[in-house]
Amino acid sequence: MSDNVTLAVNGYGEQVVFDPDSNMVFLLTSCCESTGKGSAESETGVVCRSCYEPIDVAFGTGATLDDGLDSVRDWLETTAFDGDVDASVRTDEAMEKLSLVLTYSLF
Ligand SMILES: [Zn+2]
């Protein structure tokens, strides 16, 4: 199993990571650096997998490289960096890091 690679941190202090094993890009919670998990107990339908606190619905989503880099870019800009004033700059930086990681297999 490979470790997740951090691509960026959004305006809420949440890490955007790439998991080489699943080919997915997703967010880690700021409370536990964990992933989201679906739950009927949460207003948003999503809880933190570690502490079970309700969290934003964004944590129930992610992008897969299998759908292409454009779809990853789209998810970053509209979901991971949603609400960040410099969302497009952060998206560019995260995409650049991702392409480096993929080119040199830095995981
Ligand atoms: Zn948590």
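This briefing walks through the strands, a helix, the nonpolar core and a few backbone angles of the structure above. The model is predicted: local features need pLDDT of at least 70, side-chain atom pairs count only at pLDDT 80 or more, and totals for chains, interfaces and linings use all residues. Residues are numbered from 1 along each chain as its sequence is written. Helices (H or I, at least four residues) and strands (E, at least two) are DSSP runs, numbered from the N terminus.

**Strands and hairpins**

- Strand β1 (residues 5-9) pairs with strand β2 (residues 15-19) in the antiparallel sense, over four bridges; two strands pair if DSSP finds at least two bridges between them.
- Strand β2 also pairs with strand β3 (residues 24-27), again antiparallel and over four bridges.
- Four residues separate the strands in the hairpin of β2 and β3.

**Helix α2**

- R90, T91, A94 and L98 are the buried residues of α2. A residue is buried if 20 or more other C-beta atoms lie within 10 Å of its own, exposed if 12 or fewer, and partly exposed in between, with C-beta atoms placed from the backbone.
- The buried residues R90, T91, A94 and L98 cover an arc of only 100° around the axis, so they sit on the same side of α2; the arc is that of the directions from the helix axis to the C-beta atoms.
- What do the buried residues of α2 pack against? Their partners are β1, β2 and α1 (69-80).
- V89, E96, S99, L100, T103 and Y104 are exposed on the other side of α2.
- Just after α2, S105 takes a positive phi of about 50°.

**Nonpolar core**

- The largest nonpolar core has 23 residues, and L7, V16, V25, L27 and L76 have the most contacts inside it. Such a core is a set of buried Ala, Val, Leu, Ile, Met, Phe, Trp, Tyr and Cys residues joined through C-beta atoms within 7 Å.
- β1, β2, β3, β5, α1 and α2 are the elements that give two or more residues to this core, and α1 provides the largest share, four residues.
- V25 touches L7, V16, F18, G62, A63, V72 and W75, not counting residues up to four places away in sequence; contact here puts the two C-beta atoms, placed from the backbone, within 7 Å.

- N23 is not a glycine, yet it has a positive phi of about 65°; its place is in the loop between β2 and β3.
- N23 counts as partly exposed because it has 14 C-beta neighbours inside 10 Å.
- Y52 is not a glycine either and has a positive phi of about 65°; Y52 lies in the loop between β5 (46-48) and β6 (63-64).
- With 13 C-beta neighbours inside 10 Å, Y52 counts as partly exposed.
- Y52 and K37 are 15 residues apart along the chain, and their C-alpha atoms are separated by 8.4 Å.
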